[in-house]
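Student: Could we go through this model term by term? I'd like to see the cut-offs behind each label.

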Amino acid sequence: MTEFIAGVEVPETELVREATSLVRDAAEEAVFHHSRRVFLWGTLQARARNWEVDPELAYVGGLFHDLGLTAKYRTTGQRFEVDGADVAFDFLKEHGRSEEDARNVWLAIALHTTPGLPEHLGPDVAVVSLGVETDVLGMNLDRISPNERANVLASHPRPGFKGKILEAFYEGMRERPDTTFGTMNDDVLAHFDPSFVRANFVDIIQKNDWPE
C-alpha cells in the first residue's frame with residue numbers, strides 16, 4: 001500500500017525499498033528518523049516554492065545524506081558528506097539511474113552543510129539542504145503548516161533529537177578533525193573536545209611557504 005505522510009507520497013519502488021533497508025541497517029534510530037524527515041521536509045519545502053523534484057532522487061538524497069557519520073560507511077580521509085555522496089552515487093547507478101541523476105544527488109549530499117550554494121544548482125540538488133535546514137536548524141518552519149509538521153512527527157518523532165544529532169556528528173567526525181576545516185562542522189568538535197584546535201584561514205595565508 002502506498003505510504004503518504006503529510007501529503008507526501010513515499011515512492012513505492014524497489015529502489016526506495018532497498019535504500020530504506022540500507023540506511024536502516026547502517027544508521028542509529030535517531031539518524032534514520034532524521035533522514036526520513038529530511039526527505040519529507042525537503043519535499044514540502046520544495047512544494048512551497050513550486051519546485052518539482054524527482055521523488056526517488058529526493059528520497060535517496062535525504063536517506064543517504066548522513067551515512068558518512070555511520071560506522072559502516074565513514075572514512076577518515078574526507079568529509080563525512082562526501083562519504084554519503086559516494087555511496088548514493090554508486091547506489092543510483094547500480095539501480096539504473098543516469099549519470100546526471102546520480103551526480104545531482106552526489107552534489108545534494110556533498111553540499112548539504114554548505115549554505116548558499118545548493119539552491120543555485122536546481123531543485124534536485126537543493127531539496128536535501130532544505131530538509132536538513134528545517135530539521136536541524138528549524139529554518140523556514142513557517143512554510144510548513146502545523147498539521148503537516150504534526151503528521152511528519154507522528155511518523156518520525158524526534159525525542160531528544162538535538163542532543164542525539166550532535167553526538168552523531170561528533171562520533172562521525174572526531175577521528176578526522178582536519179576534514180572539518182572551512183565548514184561549520186568544526187563547531188561540533190570544539191563543543192565536545194576542549195583540546196580541539198581549529199585551523200585558522202588567516203594564519204594559513206600568513207604563515208605558508210610563499211616568501212613575501
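Predicted model: local features only at pLDDT ≥ 70, side-chain atom pairs only at ≥ 80, totals over all residues.

Student: What makes α5 roughly parallel to α6?

Tutor: The axes of α5 (residues 99-110) and α6 (residues 123-137) cross at roughly 30° and come within 8 Å. Angles under 35 degrees count as roughly parallel, over 145 as roughly antiparallel, 65 to 115 as roughly perpendicular and the rest as oblique, so α5 is roughly parallel to α6. Axes here are lines fitted to C-alpha atoms, for helices over the stretch in contact, and angles run from 0 to 180 degrees between N-to-C directions. The helices themselves are DSSP runs (H or I, at least four residues), numbered from the N terminus.

Student: Which residues of α5 and α6 meet?

Tutor: On the α5 side they are Asn-104, Leu-107 and Ala-108, and on the α6 side Asp-124, Val-125 and Val-128. Contact means heavy atoms within 4.5 Å. The residues of this contact divide into four nonpolar, one polar and one charged. For those labels, Ala, Val, Leu, Ile, Met, Phe, Trp, Tyr, Cys and Pro count as nonpolar, Asp, Glu, Lys and Arg as charged, and the others, Gly among them, as polar.

Student: What makes α2 roughly perpendicular to α8?

Tutor: Their axes are 10 Å apart and the packing angle is about 105°. That value falls in the 65 to 115 range, so α2 counts as roughly perpendicular to α8. Ala-30, Val-31, His-34 and Arg-37 in α2 meet Phe-161, Lys-164, Ile-165 and Ala-168 in α8. Sorted by class, the residues of that contact are five nonpolar, one polar and two charged.

Student: And where does α2 meet α3?

Tutor: The axes of α2 (residues 29-48) and α3 (residues 55-64) come within 7 Å and cross at roughly 145°. From α2, the residues include Phe-32, Phe-39 and Thr-43, and from α3 they include Pro-55, Tyr-59 and Leu-63. This contact has seven nonpolar residues, three polar and one charged.

Student: On to the rings. How many aromatic pairs does a search of the whole structure find?

Tutor: Four. Rings of Phe, Tyr and Trp (its six-membered ring) pair if their centres lie within 6.5 Å; planes under 30 degrees apart count as stacked, over 60 as edge-to-face and the rest as tilted.

Student: Why is the pair of Phe-80 and Phe-169 called tilted?

Tutor: The centres are 6.2 Å apart and the planes are at 40°. Phe-80 lies in α4 (residues 80-94) and Phe-169 in α8 (residues 161-173), so the pair ties together parts that are 89 residues apart in sequence.

Student: How do you know that Phe-80 counts as buried?

Tutor: Buried means under 20% relative accessible area, exposed over 50%, partly exposed in between (1.4 Å probe, protein chains only). Phe-80 has 1% relative accessibility, so it counts as buried. Phe-169, at 15%, counts as buried too.

Student: What makes the pair of Tyr-170 and Phe-192 stacked?

Tutor: Its planes are 20° apart, and its centres 4.9 Å. Planes under 30 degrees apart count as stacked, so the label follows. Tyr-170 lies in α8 and Phe-192 in α9 (residues 185-192), so parts 22 residues apart in sequence are tied together. Phe-192 is partly exposed, at 30% relative accessibility.

Student: Why is Asn-50 called exposed?

Tutor: Its relative accessible area is 71%, and over 50% is exposed. Asn-50 sits in the loop between α2 and α3, and its phi is near 60°, a positive value in a residue other than glycine.

Student: Why is Asn-140 partly exposed?

Tutor: Asn-140 has a relative accessible area of 28%, which lies in between the buried and exposed cut-offs. Its place is in the loop between α6 and α7 (146-155), and its phi is also near 60°.

Technical notes. Residues numbered from 1 in each chain as written. Heavy atoms only, no water. Helix = DSSP H or I, 4+ residues; strand = E, 2+ residues; numbered from the N terminus.
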